[in-house]
Amino acid sequence: LADGGAPYFDIVSYHAYDYYQGGGHYDNYNWHSAWNGSGPNLINKTKYIKNLLSSKGVSGKGLFCTEIALLCDSNCGDDFEQTKANYVVQSYAASAVYGLQASTYYTLVNAWRNSGLVSSDLTQDYPSFTAASFARQMISTAHGGNDVSQGQVRIYEVFPPAGKLWVLWSLDGLEHTLALSSTPRAIYSLYGDPLPVSDSLTVGLAPVYIDWGP
């Protein structure tokens, strides 16, 4: 950029990882990201790249986060798999809100640092695979969004073709009951299971979807 290279590329590709810390928690202190703060590392890296481009007077470049993953090297178990499922949904929702043209979870097959969505012998789908599949269905066609968080509840509002969608979860690990302004069209778990529809919702660490309709 300093030497005038901006006209010679169209897209910035980058990677964003966080590290499992147990109990549903993750962080990457190199980038000051954490489960109860900014969220997935994708967010702070995207902000950094946007600020860098802007500081050099560069605009109109696409952003592709070509590798996103939650990593675990030891003491990985059922809680890690649940945390990974949460992380996938949070990352894809953030991708829409922060204007990425594409984001890719790495990797499908569990062959590196327990990051995979399916087992290495392809016989088992992890919870994160189910969560990623439903997130793709709900979020992948969304264009833009907003952070409309309320207190300790992170709320990402995104706009798929069918209307308005909220993706929300607890920031402090506690359950919070959220009063809604109206009754939504549908509410789903992160795995796509329909949840009771009402004008209030209790939210914990696991993300949920609120479909507001058109």
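Biologist: Why is asparagine 75 called exposed?

Modeller: Asparagine 75 has 75% relative accessibility, and exposed means over 50% relative accessible area, with buried under 20% and partly exposed in between (1.4 Å probe, protein chains only). So asparagine 75 counts as exposed. Keep in mind that this is a predicted model, where local features need pLDDT of at least 70, side-chain atom pairs count only at pLDDT 80 or more, and totals for chains, interfaces and linings use all residues. Residues are numbered from 1 along each chain as its sequence is written, and side-chain values use heavy atoms, with hydrogens and water left out.

Biologist: And what makes asparagine 114 partly exposed?

Modeller: The relative accessibility of asparagine 114 is 30%, so it counts as partly exposed.

Biologist: What is the phi of these two asparagines?

Modeller: Asparagine 75, in the loop between β4 (62–71) and α2, has a positive phi of about 55 degrees. Asparagine 114, in the loop between β5 and α3, has a positive phi near 60 degrees. Most residues other than glycine have a negative phi, and most peptide bonds are trans.

Biologist: Which peptide bond is cis, then?

Modeller: The one joining tyrosine 106 and threonine 107, with omega about 15 degrees. Threonine 107 sits in the loop between β5 and α3.

Biologist: How do you know that β10 and β13 pair?

Modeller: Strands are DSSP runs of E, at least two residues, and helices are runs of H or I, at least four, numbered from the N terminus. Two strands pair if DSSP finds at least two bridges between them. β10 (residues 186–189) and β13 (residues 208–213) have four, in the antiparallel sense, so they pair.

Biologist: How much space lies in the largest pocket?

Modeller: About 470 Å³. Of its 21 lining residues, the closest to the centre are Tyr92, Ala102, Ser103, Ile139 and Ser140. A pocket here is an open set of points on a 1 Å grid over the protein atoms alone, with protein on both sides within 12 Å along at least five of seven lines; lining residues have an atom within 4 Å of a point.

Biologist: Which element gives the most to that lining?

Modeller: α3, with six residues.

Conventions:
1 Å grid on protein atoms, 1.4 Å probe; cavity = no way out; pocket = protein on both sides within 12 Å on 5 of 7 lines; lining within 4 Å. Points joined across faces, edges and corners; volume = space filled by probe spheres on them.
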